Every structure is written in C-alpha cells, then in structure tokens.
Amino acid sequence: MRVTIVGSGYVGLVAGACFADSGNDVICVDVDQHKIDMLKRNEIPIYEPGLKEMVERNAREERLLFTTDIKEGVEKSEIIFIAVGTPPDEDGSADLKYVLAVARDIGKHMNGYKVVVDKSTVPVGTADKVRAEISKHTKLEFDVVSNPEFLKEGAALDDFLKPDRVVIGTESERAAEVMRNLYGPFVRSGKPILVMDTKSAEVTKYAANAMLATKISFMNEMANLCDVVGANVENVRRGIGSDSRIGSAFIFAGTGYGGSCFPKDVKAIIKTAKDYGRELKILQAVEEVNDLQKTVLLPKIKSYFKNDLKGKTIAIWGLSFKPKTDDMREAPAINLIDGLIAAGATIHAHDPEALHEAERRFGGHVGKEIILLDKRYEALEQADGLVIMTEWNQFREPDFNLIKELLKTPVIFDGRNLYDPARMKKQGFDYFSIGRPMPEFFVKA
Ligand SMILES: NC(=O)c1ccc[n+]([C@@H]2O[C@H](COP(=O)([O-])OP(=O)(O)OC[C@H]3O[C@@H](n4cnc5c(N)ncnc54)[C@H](O)[C@@H]3O)[C@@H](O)[C@H]2O)c1
C-alpha cells in the first residue's frame, strides 16, 4: 500500500518506519526543513531505541521517503495519516490548528479517493471538522478515520509493531477494509482490531490516558499517606497489584507524570466535558494531585538543608520525563529545578539522553545556575546532595561508595524509589524517597 504520514515527530516517524517495515511504500512529510534534511541523511532527530536502524534499513530499500512537499505526499498515496502535534491551547483544549492546516492541504492536493486518518490525539468531533475542512477544497471522494495511537515513548517500536489493540473509528466500510489490511501484519498474534464510530474512537484515546494518569495520581496520594502514617507504599503496591482486578502496571509512586501526552490529554478531556456543561471531578483532582507531586521532594530538600539553599549545589540524575527518551515536555525535573533555583541553589544535572533538550529548555540559566554534565559522577563533584528524578537503568546500581566520597553530604532524595532504604542506611546515607520510611521507623514501632 502507499501511505503518507504528515508530521514526522515521535508518532509520525515511528508509524512511518513501522508501516515501511511491513512492506508498504511510505512518504513522511514535515514542515520542518531541518528535520527532513536530517532524516534524509539518516540522522534521527529524536532518541527512540531501535528507530535509527529501522529508518536506515527502510530508507536504503527505498520504502521510506522524506519530504517537505505535502502535494507529493497527497498525490502519491491513498492513505494519508495526520500525525502533527495537538498542543494545549491557553484554556486547556487541544489546539487543532496544525491538524486543520494539514486537512486543508490534503483537500487542495487530492487527485482521487483518499482515506484520511487522524492519528494525532484529537478531541471528540475532530473527524467531522477534518471532513468539513477537506470538503471546502475538493469534490473528490474521501473518508476520514480516527485511529488513535497508544505507543509509549521509549518502547514505541514494540508498542507499534505489537499493539494490544488497534482502534479504528469510521462510518465507512470501505475505509475500515483499507485500515484492516494496513494493520493486518501487526495483529497476527490475535490482538483485536476494534472498528467503531469515530466519536467513540476519539474518546477512547483520552479515556485510556486519563485512566492511566488516574492510576498514577491515586498511587501518589497513597504514597503521601504512607509517608505520614509510616507505611511503605512499595508493600502497598505489591499488596494491591497482585489483585487481578487491579493489576500491577502503572501503580508506582513517584514525582508525578509528565511527557507530551498525559498532562495535555487530561486537560483536554476536562475542557471537552466543560464545553458540554459537564465537570470531570475525578480528573480535575488527578491533575491537582499531579501538580503538587511534581515538587513533592522540594520541601524535603529544603527542610534537610534547614531552609537555606543559598550557595548549595544539588546534583540531579535524570531530566527526561521517563527513561529511554530525551523528551522533557512537562518533566517533573523542570518544576524541581525551577524551585531549587528560586531558593538560591545551583544545579549539577546529568541525563543520558536529554542534555541537548535541557540546554534548549533552560537557555540562559545553562552555564550559570545550571551546569549540564555528560557523566553521572561528574555531576556529584562539589554537590551537597543528590536527587534522582528519572529511573534510567544506569542509575539503579551505582557505586554508592563513590557517591558518598564525591558528595559533600551523604544525602539522596530519590523521586523514583530506586534504592532499598535499609541498604541506604547501611551505606551511611540519609535517604528520602516517596512513601517509604527509613528502617528506624519500624524499630521504634
Ligand atoms: N509522543 C507520544 O508518545 C504520543 C503517543 C500517542 C499519541 N500522541 C499524539 O500524536 C500527536 C503527535 O505527537 P508527537 O509527539 O509525534 O509530536 P511531535 O511534536 O514530536 O511531532 C509533530 C510533527 O508535526 C510537524 N508538523 C506540524 N505542522 C505540520 C504541517 N502542517 N505539516 C507537516 N508537518 C507538520 C512538526 O514539525 C513535528 O515534526 C499528538 O497529537 C500527540 O498527542 C503522541
């Protein structure tokens, strides 16, 4: 099949590479000339495990092309995906200007029947808007399909190649057939292709992310309760996760969710409900809990240093919102760093992949209040304490003796519960994590 993907970011590029890898001829379009130039040179603008090899292989075998020319993309393919960003507008709603700009371009350049697929996460009713926009510019026949994406950054290829389900929202049997054929190779193990109406497909994506965000905020609230009553949230997690009705995924306590999806999607579904005169009370609380959780370590750090962070240097391991990605959108590390700087501290930050992103994000602060370091132990030199913000694998089993030697004070604030409190105590650290007491608590009891 001939497939065009408009928008070559995390979702578009992964989708394009995976469709090409299953034998389709794929054109990836983007307005960003720099990005397209990089891709043509086989340079991948984002970090995603395995993606470089897959793009390289399919580009070499001429199944994957890159262009800024949307006309070429529209004319040459029957299936056209819209995979551009849908960032939050000021009022929290998803900004559809990029999606509708692509719809307009598709309408202008159509030369025959097309299946136009909304892959971006878009509010309910967007398929109708896309249909209306295309119709303004063409009399030719086309169908609009809502096909939300559920991939996780850091495991995007695997998620795309082996999805738990594929959701296809369409009112057209012809378009449904095209989509079933396109996704056939990815569901050979028997995972379902769920064909439904477009509005249900649009809501499904938001409901999935809202449910996952809810699990995270729920567990963070339990962790904060454990903190004050002296329980251990890890035990609670194991206790409830083994209940098959609850499940063990997505119930790890931490410093809150970030990234390009959960924060904006929770906001957007709340706004959609408001537009229809409804309040989503649970999700409003989920958001509120998450905003507080992002800085849950700050009072602990301040109180440890007797409310005086002026002249103190805090080392931070982990800047991306989760491991195996360089994505720092809405990362809790940003909130913490802002808070620490406001309190007068200097930051020594290390991340295995996100340093270039941090440089862009923190701009004028870099080289002054924020020093970015390539090597994890370099970040500890002259630092008063260490904070862990992302659970990268390489932080799980570090040389604790060296950490102790390098830090001015042997203190670790662990926002991801990577280490065992008893072991930390034995190693001579003051150790603070999320919802887990130090061992002496139990001795007292
Ligand atoms: N990142 C994720 O993990 C993820 C997962 C599922 C769904 N989504 C959703 O998928 C959509 C895309 O997300 P992303 O993370 O890939 O975004 P991204 O910002 O990484 O990529 C979007 C790309 O679209 C390009 N673009 C913008 N306007 C364009 C136009 N008119 N023509 C061509 N290209 C254009 C941009 O230059 C950019 O390269 C969003 O709606 C997002 O919510 C993202």
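Over the ring of which residue does the charged end of Arg174 sit? The ring is that of Tyr113, and the charged end of Arg174 lies 3.4 Å from its centre. The points below concern a predicted model.

1. Charges over rings. The charged end of Arg165 sits over the ring of Phe150, at 3.5 Å from the ring centre.

2. Division of the chain. The protein chain is split into domain 1, covering residues 2-196, domain 2, covering 205-292, and domain 3, covering 294-444. Between the C-alpha centres of domain 1 and domain 3 there are 38 Å.

3. The interface of domains 1 and 3. Contact between these two domains involves 7 residues of domain 1 and 8 residues of domain 3. The size of an interface is often expressed as the accessible area lost when the parts come together. Here domain 1 and domain 3 bury about 660 Å² between them, and 45% of that area is on carbon and sulfur atoms. On the domain 1 side, the residues that lose the most area to domain 3 are Tyr10, Tyr47 and Glu153, which together account for 75% of what that side buries.

4. The salt bridge between the domains. The count between domain 1 and domain 3 is 1 salt bridge. Glu153, already named among the residues of domain 1 that lose the most area to domain 3, also forms a salt bridge with Arg329. The closest N and O atoms of Arg329 and Glu153 are 3.8 Å apart.

5. Aromatic pairs. The model has 18 aromatic pairs, counted with ring centres within 6.5 Å. In the pair of Phe250 and Phe262, the ring centres are 6.1 Å apart and the planes stand at 55°, so the pair is tilted. This pair links distant parts of the chain, 12 residues apart: Phe250 is in the loop between helix 10 (233-241) and helix 11 (262-275), and Phe262 is in helix 11. The accessibility of each partner is as follows. Phe250 counts as partly exposed because its relative accessibility is 31%, whereas Phe262, at 13%, counts as buried.

6. An edge-to-face pair. Tyr304 and Phe305 form an aromatic pair with 5.1 Å from centre to centre and 85° between the planes, an edge-to-face arrangement. Tyr304 has a relative accessible area of 21% and is therefore partly exposed. Phe305 has a relative accessible area of 9% and is therefore buried.

7. Positive phi at Lys306. Most residues other than glycine have a negative phi. Lys306 is not a glycine, yet its phi is positive, at about 55°. Lys306 is found in the loop between helix 13 (297-304) and strand 9 (313-317). With a relative accessible area of 70%, Lys306 is exposed.

8. Positive phi at Lys324. A positive phi, near 65°, is also found at Lys324, again a residue other than glycine. Lys324 lies in the loop between strand 9 and helix 14 (332-342). Its relative accessible area is 42%, so Lys324 is partly exposed.

How values were computed. Residues numbered from 1 in each chain as written. Predicted model: local features only at pLDDT ≥ 70, side-chain atom pairs only at ≥ 80, totals over all residues. Heavy atoms only, no water. Phe/Tyr/Trp six-rings, centres within 6.5 Å; stacked < 30°, edge-to-face > 60°. Helix = DSSP H or I, 4+ residues; strand = E, 2+ residues; numbered from the N terminus. Buried < 20%, exposed > 50% of the residue type's maximum accessible area, 1.4 Å probe, protein only. Lys NZ or Arg CZ within 6 Å of the ring centre and 35° of its normal. Domains from an automatic or database assignment. Contact = heavy atoms within 4.5 Å. Buried area = accessible area lost by both parts, 1.4 Å probe. Salt bridge = Lys/Arg side-chain N within 4 Å of Asp/Glu carboxyl O.
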